[in-house]
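Hi,

Here is the structure I said I would pass on. Have a look at it first, and then read my notes below.

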Amino acid sequence: MGLIHNACKRYGEQPEDYFDYVKGTNITGFLKVANATVDQEVV
């Protein structure tokens, strides 16, 4: 859970010490699916 939280914070970081967790979660999920697709040579 800690790794997921850190990834969401990293990708959801906004100016002025604000974190958009929804944006971070969406980007993190997309990257996981995209990386898995590339790893399985689907693309």
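This is a predicted model: local features need pLDDT of at least 70, side-chain atom pairs count only at pLDDT 80 or more; totals for chains, interfaces and linings use all residues.

**What I found**

Val22 comes out as exposed, with a relative accessibility of 58%. For that label I used a 1.4 Å probe on protein chains only: buried is under 20% relative accessible area, exposed is over 50%, and partly exposed is in between.

Residues are numbered from 1 along each chain as its sequence is written, and side-chain values use heavy atoms, with hydrogens and water left out.

**Overall layout**

The chain has two helices and two strands, in the order α-β-β-α along the sequence. The C-alpha trace spans about 40 × 20 × 10 Å along its principal axes. Of the 43 residues, 12% count as buried.

**The two helices**

How do helix 1 and helix 2 pack? Helix 1 covers residues 2-11 and helix 2 covers residues 21-39; their axes are 7 Å apart and meet at an angle of about 110°. The axes are lines fitted to C-alpha atoms over the stretch in contact, and angles run from 0 to 180 degrees between N-to-C directions. The two helices are therefore roughly perpendicular (65 to 115 degrees; under 35 is roughly parallel, over 145 roughly antiparallel, and the rest oblique).

On the helix 1 side, the contact (heavy atoms within 4.5 Å) is made by His5, Ala7, Cys8, Lys9 and Tyr11. Helix 2 brings Tyr21, Lys23, Gly24, Thr25, Ile27, Thr28 and Leu31. By type, that contact has six nonpolar, four polar and two charged residues. Here Ala, Val, Leu, Ile, Met, Phe, Trp, Tyr, Cys and Pro are nonpolar, Asp, Glu, Lys and Arg are charged, and the others, including Gly, are polar.

Thr28 is worth a click: this helix 2 residue is buried, at 10% relative accessibility. Setting aside neighbours within four places in sequence, Thr28 touches Ala7, Cys8 and Tyr11.

**One aromatic pair**

The count is one aromatic pair. The ring centres of Phe19 and Tyr21 are 6.3 Å apart and the planes are at 35°, so the pair is tilted. The rule takes rings of Phe, Tyr and Trp (its six-membered ring) with centres within 6.5 Å; planes under 30 degrees apart are stacked, over 60 edge-to-face, and the rest tilted. Phe19 is partly exposed at 28%, and Tyr21 is partly exposed too, at 39%.

**The loop between the strands**

Most residues other than glycine have a negative phi. Glu16, though not a glycine, has a positive phi of about 65°. Glu16 is in the loop between strand 1 (13-14) and strand 2 (18-19) and is exposed at 78% relative accessibility. Asp17 lies in the loop between strand 1 and strand 2, with a positive phi near 55°, and is exposed at 74%.

Cheers

Terms used:
Helices (H or I, at least four residues) and strands (E, at least two) are DSSP runs, numbered from the N terminus.
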